[in-house]
Amino acid sequence: MKYEVVEQIFNKYSTLRKFEHLEIDRNFCLLDKSQQAHCLAFLPEEVKVGRDIRVGFPELAGLEDVLQSILQGQQETFELTEIKRDFEHQNTIYINIYITREISENIDDAKLIIFLEDVTHIITNNQNISKLTNAASILSMTLVAYKNYMDTVIHSMADALLVTSNSGKIKRVNPAAQKLFNFTEAELINQPISLIFDDNFLLLRILNHYSKINRDLQNFEVVCRKKTGEKVLIAFSCAVMQKKNEILEDIIYIGRDITGRQSREQRINAQYAITRILSESQNIKQAMPQILQAICQSLEWDVGELWTTNQYISTHAPEDNENAVLRCVEIYSSRLVSVREFKAVTWQTTYQSGIGLPGQIWSKNSPLWIQNLSDYEDSQRQSTARVAGLRSAFGFPILDDNKILGVMTFFSRDLQPKDTDLLQMMGSVGNQISQFMKRKQAEEDLLESEYRYRDICENANDLIQSVNPYGKFLYVNKAWCKTLGYTDNEVAKLNIFDIIHPDFKEHCRQMFYRLMSGEQLENVQTAFIGKNGQTVFLEGNVNCKFVHGKPVATRGIFRNITQKVEIEAALQHQQEKTEKLWQTKIPAFVTDTLQPEIASAAADEINITVLCADIVGLNEIVTLSSAMQMVNLLSPIFAAFDRLCTQYGLEKVQTINEAYVVIGGLPKKRQDHTQAIARMALDMQAAIAKFNQENQQNLKLCIGIHTGTITAAANGLMDTINIARSVEGQSLADTIQVTSSAYAQIRDEFVLEKQDEIVISNQQKITTYLLQGKSKK
């Protein structure tokens, strides 16, 4: 049994093993040891014969019961494995401890045998193997996780991914690729990539010259086709999977749909081309063929057409849109398509509103897109479009403020999905074309207007001039030269301030500055000095033309008012003489004529009424008539007034120029003097109206009436006359205005309307009334 236990310990591992041993008595003291046994102790210096073994090997402390059990034969062996020893100046070691007993005839003489084995190399190897196993496990898990991660990334990629063999057979696709090309995974796997590549030449380059991919084909664009046949532009990057022997394994394609970017670039190019064409064209007939070509070439469409109701498109739209008949007036076709028969039919085809593509666009006033012409009914051109291979179409109206002028339509051999952004842009193009047409029409109208304006200016009686900001003349008309006496060559050398009269020069400088700041001036009065030295007075309107916010020229139209100014000066002089006459003749008349009779009257105070009348409209006649003509004109009027004065028993005070003064109640006293004055005033209006009708004139009367009180010495007469004169001076033409004192006398017999207060001499305010006629009571 003893040898079986030992053999069991020694043969635990199949490899060759080295042991040290210890002999221990019942008291756990060391009896004997092998030569190197102490080297495996925790405290080597304590492993000495007679010493307690538990000091050198503290692992045995606490195992006393186990050790006694072995000594008594109750247990054969006991093992402590993989005990770690850390030393300060040597490497860490691992040991196994095997405990058994040496059997003797006397059980009291039994002793413990402890085998010590250095298993450092075994433990180290096991640890290394464990680390490698763990690393391999982690690597395997990482690879699985990475594969799952990559599958997730590939599955969720926005870009399309395709993996092909070196022969171009598709091995893998992600959902983005399936969605992009409208194929299922089953429909793509094991199919040649030429199924979606439209450019087979580029495909051959990739397959046959794979070694150049990293240099030449990292980023390339290729036209692909969807399952529906629709073309898309894809930007691809390629990567080649190679083995160590550099034989081509797989090709990875990662692609992004850039059709939208290409479409945007095409739209921008088309918009730029159209804008350039319109800016360089002289008229719409020159522009339209180029616009059709630019749109087809920029957007890669094959046929373009222009439809309208007239011989050619113009700004004159038909009045009846519903019954309009459209005909094609322009066609462009790409050289890549054969559409001879389609074009021949188109030239002979007409559409009514609502019929066919042009007619529907015309009736709806909005763009229209047809993705598949085979699904669209057009009995007139559908068959020829099919023969020409045309598959899609769109069109848009040319609108001018909701007034349709024409329709543009385009056709493509490719199946084109609806492009809302393109339709929106083409709507803007239609407006741009209509604005061009309006501008050109306006330019033509303006040119014609300028010809008419120049003709009018050259033949106008008014003086017309244009002056730059520095005062140099840019233009003067014939009337200007004739009035001022300067020749065209002399005008070119003049500055406007050279001919302005000194009295007006400073005023004109201020007006010139105001014009330069953007102000428009009306009824401007100034004076120029003619070549002969005479002063020419002018009146008119002046404005300033601005270009890009800067003044470039002033423009003025003037009337020659020299004669008017002279007449006004003469009238002013005459007015001053009239005032003097009022101050001298009226008192004299009172003294010589009225006062003797007033003095003979048996009364201290006398009520009288005074009428003052003035003829309005004579100034216009004065400018065109001589003094004798004026006398002949006024004589019948004043004669009629004199007859009325006699008829109503009134006293004419004096006629001073066009003023006429009448007194009622003097020299003969009467109670109805105010009524008599009122009747005469109404009859004077009737007399002047009859005169106008007979002589084709437009003269009017202003009449003022006032009732006042005078003394026997004629005191107060001038005050009464002056008040009547003030009321007349503030009356409107063709009205009779009376004071409140006169109103009180006649209000029961005449129709009167109250007016606002007026201010007479000495800032006195009085209430007045308009005499409108006799009362019907």
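Ring pairs join W301, W369, F394, F396 and F410 into a cluster. Rings of Phe, Tyr and Trp (its six-membered ring) pair if their centres lie within 6.5 Å; planes under 30 degrees apart count as stacked, over 60 as edge-to-face and the rest as tilted. This is a predicted model: local features need pLDDT of at least 70, side-chain atom pairs count only at pLDDT 80 or more, and totals for chains, interfaces and linings use all residues. Residues are numbered from 1 along each chain as its sequence is written, and side-chain values use heavy atoms, with hydrogens and water left out.

The ring rule gives 22 aromatic pairs. One of them is W301 with W369, an edge-to-face pair at 5.5 Å centre to centre, with 90 degrees between the planes. This pair links distant parts of the chain, 68 residues apart. W301 is in the loop between α10 (284–299) and β11 (303–308), while W369 is in strand β14 (residues 368–370). Helices (H or I, at least four residues) and strands (E, at least two) are DSSP runs, numbered from the N terminus. W301 has a relative accessible area of 5%, so it is buried. W369 is buried too, at 12%. Buried means under 20% relative accessible area, exposed over 50%, and partly exposed in between (1.4 Å probe, protein chains only).

W369 also pairs with F394. This pair is stacked, at 5.2 Å centre to centre and 15 degrees between the planes. F394 is in strand β15 (residues 392–400), 25 residues from W369. Both W369 and F394 are buried.

Charges meet rings as well. The charged end of K285 sits over the ring of Y312, 5.3 Å from its centre. R509 lies over the face of F497, at 4.4 Å from the ring centre. For this, NZ of Lys or CZ of Arg must be within 6 Å of the ring centre and within 35 degrees of the ring normal.

Next come the cavities. A search of the whole structure finds two of 30 Å³ or more. On a 1 Å grid over the protein atoms alone, a cavity is a set of points where a 1.4 Å probe fits but cannot get out; lining residues have an atom within 4 Å of a point. Grid points are joined across faces, edges and corners, and a volume is the space filled by probe spheres set on the points.

The largest cavity has a volume of about 190 Å³. Its lining has 17 residues, and Q465, I496, F512, V542 and F558 lie nearest the centre. Among the elements that each supply at least two lining residues are α18 (502–516) and β21 (550–560). The lining divides into twelve nonpolar, four polar and one charged. Here Ala, Val, Leu, Ile, Met, Phe, Trp, Tyr, Cys and Pro count as nonpolar, Asp, Glu, Lys and Arg as charged, and the others, Gly among them, as polar.

The second largest cavity has a volume of about 110 Å³. Its lining includes F342, Y351, D378, R381 and F411. α12 (356–364) and α13 (382–387) each supply at least two of the lining residues. By class, this lining has nine nonpolar, one polar and two charged residues.

One more residue deserves a look. A177 is in helix α5 (residues 175–181). A177 counts as buried, at 0% relative accessibility. Leaving out residues up to four places away in sequence, A177 touches A160, L161 and L162. Contact means heavy atoms within 4.5 Å.

Finally, the whole chain. The protein chain has 24 helices and 30 strands. Of its 777 residues, 42% count as buried.

Key: 1 Å grid on protein atoms, 1.4 Å probe; cavity = no way out; pocket = protein on both sides within 12 Å on 5 of 7 lines; lining within 4 Å.
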